[in-house]
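Here is a short briefing to read alongside the model.

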Amino acid sequence: MTALLLSLGSAATFGAADFLGGLASRKAHAIPVALLSQVVGLVVLLGAMLVLPGRLSAAAFAWGLAAGLGGAGGLMLYFRALSIGAMGVTAPVASLVGAAIPVGVGLGLGERPEITAAAGIVLGVVATVLVSRPADADPTADPAAQRAGLIAAAAAGGLFGFFFVALDRAPDDSGLWPLVGARVAGMALLLGVLALRRPARPARDAVGFATVSGLLDMAANVLFLLATREGLLVLTSVVTGLYPVGVVVLAWLVLRERLGRVQLLGVGLALSGTALIAM
């Protein structure tokens with residue numbers, strides 16, 4: 001139950017962070033937005049380490065560095081996808097791909113959830129697919145831009161899946177040190193890309209959105225890392241992968257993006273799948 005609650009907290013926090021990051025990316029280039037969120041998250045992480053200390057080791061830091069490269073690369077692609085496509089579509093695509101990779105790795109490593117939990121996993125995957133379907137076609141949308149957004153979202157999901165797997169492989173007694181390694185690698189990658197691209201400085205409102213997104217993103221990372229140490233990667237990755245539900249609902253409430261019957265069914269299946277996993 002502890003792993004489930006931590007995973008649900010991670011999903012809800014990831015959803016809010018991604019929604020705000022998407023808003024920031026619609027007002028500024030995705031690279032400085034991602035970098036700012038990473039810097040803010042590092043400040044939060046250093047404070048959290050005072051409460052959740054751990055043992056620093058080469059393995060912990062190495063797995064963190066690998067995770068950081070995947071996470072930062074995925075974040076750039078993900079914010080780009082959110083900025084050019086409908087949030088209610090691109091977020092679930094990234095989530096579906098991102099959840100499939102750790103589920104496959106977990107099963108390959110011998111993790112075997114109980115029957116009810118396995119049924120919950122299936123419902124969670126189906127829910128993500130249903131939530132990803134738009135309520136209706138937008139006649140003003142550019143088809144090429146929509147396709148580019150979906151491709152970027154799928155690529156981001158693949159990198160996010162690698163991020164989750166790498167964090168799970170870090171030693172259990174390492175505390176939050178893997179996230180420190182991840183943040184160092186991610187910031188280095190983003191700084192390198194920023195130096196090459198030199199995009200314009202983001203506006204003040206974009207800075208505000210990116211700052212809050214970074215705070216929430218790091219909180220979600222901490223919750224996910226703790227969840228993997230309490231439960232199976234197969235379960236925690238699927239529950240955490242339900243974060244598009246939060247993005248879709250926020251896009252519906254704030255941006256008035258249409259929420260159709262199929263998407264509502266997906267939300268209901270997500271709740272049902274979570275209940276089965278809890279059982």
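A search of the whole structure, which is a predicted model, turns up 3 cavities of 30 Å³ or more. A cavity here is a set of points, on a 1 Å grid over the protein atoms alone, where a 1.4 Å probe fits but cannot get out. The largest cavity has a volume of about 210 Å³, volume being the space filled by probe spheres set on points joined across faces, edges and corners.

**Lining of the largest cavity**
- The lining consists of 16 residues (those with an atom within 4 Å of a point), and Phe14, Phe160, Phe163, Asp217 and Asn221 lie nearest the centre.
- Two or more lining residues come from each of helices H1 (2-27), H3 (58-84), H6 (143-169), H7 (177-197) and H8 (204-228).
- H3 gives the largest share, 5 residues.
- By class, the lining has 9 nonpolar, 4 polar and 3 charged residues; Asp, Glu, Lys and Arg count as charged, Ala, Val, Leu, Ile, Met, Phe, Trp, Tyr, Cys and Pro as nonpolar, and the others, Gly among them, as polar.

**Fold**
- The protein chain has 11 helices and 0 strands, taken as DSSP runs (helices H or I, at least four residues; strands E, at least two) numbered from the N terminus.
- Among contacts (heavy atoms within 4.5 Å) with a separation of 6 or more, 93% join residues 24 or more positions apart.

**Burial**
- Of the 279 residues, 49% count as buried, that is, under 20% relative accessible area with a 1.4 Å probe, protein chains only.

**Reading notes**
- Residues are numbered from 1 along each chain as its sequence is written, and side-chain values use heavy atoms, leaving out hydrogens and water.
- Local features need pLDDT of at least 70 and side-chain atom pairs count only at pLDDT 80 or more, while totals for chains, interfaces and linings use all residues.

Terms used:
On a 1 Å grid over the protein atoms alone, a cavity is a set of points where a 1.4 Å probe fits but cannot get out, and a pocket is an open set with protein on both sides within 12 Å along at least five of seven lines; lining residues have an atom within 4 Å of a point. Buried means under 20% relative accessible area, exposed over 50%, partly exposed in between (1.4 Å probe, protein chains only).
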